Amino acid sequence: MRFILRFFGFLFSVGAIAFLIGAAIAGYFYWVYSQDLPDHAALANYEPPVTTRVHAADGSLLAEYARERRLYLPIQAVPKLVVGAFLSAEDKNFYKHSGIDPEGIVRAALNNFRSGRRQGASTITQQVAKNFLLSNEQTMERKIKEALIALRIEAAFSKDKILELYLNEIFLGTIVPGRNVHGIAAAALEYFSKSVHELTPAEAAYLAALPKGPNNYHPFRRTQDAIARRNDILDLMAANGYITRDEAVRSKALPLGINVRSISPNASASGYFAEEIRRELSDRYGEKALYEGGLSVRATLDPKLQAIARRALLNGLVRFDESQGWRGAQTNIPLAGREWGTALAEVPALADVQPWRLAVVLDTAGGQARIGLQPRKEPGGQVARERELGVIPQAGLAWTRRSAAQAFQVGDVIYVEPLEDKPGQFRLRQVPEVSGGLVAMDPNTGRVHAMVGGFSYDQSEFNRATQALRQPGSSYKPFVYATALDNGYTPSSIILDEPITIDPGGGQEAWTPQNFEGRSTGPHTLRYGIEKSKNLMTVRLARDVGMPLIAEYSRRFGIYDDLAPLLPMSLGAGETTVLRMTAAYSMLANGGKRIKPTLIDRIQNRTGQTIYKHDERDCIGCSAESWANQDEPKIVDKREQVLDPLTAYQMVSILEGVVLRGTAARQKAIIGKPVAGKTGTTNDAKDLWFVGFSPDLAAGVYIGYDRPRSMGDSAQASQYAAPIFGEFMKHALADKPPTPFRVPPGIKLIRVSLGSGMRAGGGESAGTILEAFKPGTGPSESYANVSYGGGGGGDGGGSADSDRAVNTGTGGLY
């Protein structure tokens, strides 16, 4: 008995010593590995990189900017179904253990022994420790540190907080190249085009399969593995009580049902607009805030107007380009011994010019071209197996003035567009060499509703609406005339349309401007000078008003920052952008109020706080909590008045005359609503412009070659730029009533002779208009004869009314 007691005493002593030694060793390792552990307290203030999202004015998604595609979702907003799927797949004892799961370790060891396959036993807390604070290296040291940090995290944070960090941080794969998905909210959108709240048990189970290795369960490349793993998780969800056994059985019978989120139609058609916003956000807040800050941006873009603008500009560019003839195929691919669909799929195509598609010419027999269309891509990026064939009839290439055999060779790669109501038939297209830009905005606020910076953003990211500095030509003239009207002139002031030579002095060569048509027509009203775009009248007027004053008005309107005060500049020889010109015309339309063009209405940070808004007007009384018989709220407009409202309306009336009977008269019938505007054609027709507006919508159009060269001896803005404006306004205003331009208080509308500007006699209506005059400036009832010094050198083309006006004095001779 004594021996037995001594034996057990010995064992106890050895055990105690062993325990002490083990504890000492464990304490030592704990001390060693805890010396340089990352500070887990940083998780308390952790703000993960979150996607910045840009929405159009109607709420549709326009663009996303992110290094890691993630939408942060508080744990309170995560559906229990989704939580159950991830806990079942990753850590069913999450709410029971203290950071390390002994049961999970034993279970994994047994499974590893039985199956011979390695199975991990990391808890969700350990995965948080690894993902946030450690590397992914597979070493014992990292595993020990991971466990130690997990214990500390469990002591410092609630289970819900740890799970929130995990569900928002995990990497869940890349189903579309370049779109790395992080977190459950982004994954639900990416894989199923759904909110997490709309996920079915089968969908939630599939997402829960991905943390173990997204590539192992890729929905297209490893479909059967993905289904098997999903079904295992459904069984676990049923076993853990998150779904019923019947739900699991039904869900396991379903396909994966992947519905990859497609790019919004707005995004594909609005590359220039989105890129302009991206640059502004980067300049304003920096790259880190742009790609990681989770900004919510409400853009001013109107998707309907954007689509109209894009179609109008593309049609105009194509119309001009086709008038220059067929230049040939994009490329040629040898088809001998090669399947044409595979070969054609390798040719890069412009993705943002739909419904255009690439095609390859298969033969040209029978007076038409038989073509094969480029195969479409499946969601995973694979080339579709189906092959589509079509034909280009002679009518589809009539603009080339060639037959199919003359225009094509077998293997030619070309662009085609489907012919309406003719299935299987296509029209030949070619990517224009000419380019241009279009901007449409609200003239009262400066909110840009549409912006197109070229034929294709995929082809060139250079934005011709904001970055291209081009000469506006005659579209600048209204600001010369506005300066004159604001400083004593009237619309009926008489100006000579006669040759003039300017001697700049200093030994420089004299300058003799000419009208576009090469002849002069004698004295005419100021209105006539704009409606018929007379260079000689404009130069004479600018010389009398003074270029320094015109330069100052140009600065006020934002057309130029520092215009050289030289007379050639009065004809639009300076360089500016479409955006600036459209904004300047908007200030004429809105009564002379300064506006700041903007593509952004407001910006909110990740917490929903508004950090920027475009509308800076004060609203008195808008913050009242309740009604207490106070005055109604008032919005205080503090915008600068850059032009007298009466002068602004006079210019609006004159520019309306351009469309009614001037250089853009053909657009009157096309648009069918009150609009005003001005054409602009520069020297050698290198730049063609039209800028105009209705009472509530302004638009500017420019077309030209990126490397300036003549668009042809006969090219005019009225022929190519004005029709783009006309097509845009026709469709943009289609559902709007024909609203007349607003006449400001103080304007006197007096009927005058259109030719002379003189007050019309009683009962006289033919050849007259209602002219806008400021108080005290209208034509008088009777006229006193004044002496008239001729302008010299003209062809005597002035009308009898004009001669009478000059000799009777209706406001001056210049």
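Two remarks on method come first. Because the model is predicted, local features need pLDDT of at least 70 and side-chain atom pairs count only at pLDDT 80 or more, whereas totals for chains, interfaces and linings use all residues. Residues are numbered from 1 along each chain as its sequence is written, and side-chain values use heavy atoms, with hydrogens and water left out.

I begin with the chain as a whole. Its secondary structure comes to 25 helices and 22 strands; helices (H or I, at least four residues) and strands (E, at least two) are DSSP runs, numbered from the N terminus. Of the 814 residues in the chain, 51% are buried, where buried means under 20% relative accessible area, exposed over 50%, and partly exposed in between, with a 1.4 Å probe and protein chains only. Among contacts with a separation of 6 or more, 70% are between residues 24 or more positions apart; contact means heavy atoms within 4.5 Å.

I turn now to a sheet. Strands of a sheet pair through backbone hydrogen bonds, either parallel or antiparallel. In this model, 5 strands form an open sheet with mixed pairing, in the order E2-E1-E3-E14-E15; two strands are taken to pair if DSSP finds at least two bridges between them. Strands E2 (61-65) and E15 (610-613) stand at the edges with a single partner strand each, so one side of each has no neighbour in the sheet. On average, neighbouring strands of this sheet are turned by 15° against each other, direction ignored. Helix H12 (residues 271-285) packs on the sheet and touches E1, E2, E3, E14 (600-604) and E15. The direction of H12 makes about 45° with that of E2; axes are lines fitted to C-alpha atoms, for helices over the stretch in contact, and angles run from 0 to 180 degrees between N-to-C directions.

Within that sheet, consider strand E1 (residues 52-55). E1 pairs with E3 (residues 296-299) in the parallel sense over 3 bridges, and valine 54 stands opposite valine 297 in E3. With E2, the pairing of E1 is antiparallel over 4 bridges, and histidine 55 stands opposite leucine 61. E1 and E2 form a hairpin with 5 residues between them, and glycine 59 in the turn has a positive phi of about 90°. Which way do the side chains of E1 point? Thr52 and Val54 point one way and Arg53 and His55 the other, and all are buried.

In strand E19 (residues 688-694), 7 of its 7 residues are buried. Leu688, Phe690, Gly692 and Ser694 point one way from E19, and Trp689, Val691 and Phe693 the other way. E19 pairs with E18 (residues 676-681) in the antiparallel sense over 6 bridges, with glycine 677 opposite glycine 692. These two strands form a hairpin with 6 residues between them, and aspartate 684 in the turn has a positive phi of about 60°. E19 also pairs with E20 (residues 697-704), in the antiparallel sense over 7 bridges; there, phenylalanine 693 has alanine 698 as its bridge partner. The hairpin of E19 and E20 has 2 residues between the strands.

Next come the helices. Helix H6 (residues 159-169) is largely enclosed by the rest of the structure, because 9 of its 11 residues are buried. Among them are Lys159, Glu164 and Tyr166.

Two packed helices are described by the angle between their axes and the distance between the axes. H17 (residues 477-485) and H19 (residues 535-545) pack at an angle of about 40°, with their axes 10 Å apart. That makes H17 oblique to H19; angles under 35 degrees count as roughly parallel, over 145 as roughly antiparallel, 65 to 115 as roughly perpendicular and the rest as oblique. The contact includes Val480 and Tyr481 of H17, and Leu541 and Ala542 of H19.

Finally, I consider threonine 521, in the loop between strands E12 (494-497) and E13 (522-525). Is threonine 521 buried or exposed? Threonine 521 is buried, with a relative accessible area of 6%. Its side chain joins that of aspartate 497 in a polar contact of 2.5 Å, and that of histidine 524 in one of 3.1 Å. A polar contact is a pair of N or O atoms within 3.5 Å; within protein, one must be able to donate a hydrogen and the other to accept it, and residues adjacent in sequence count only if both atoms are side-chain atoms.
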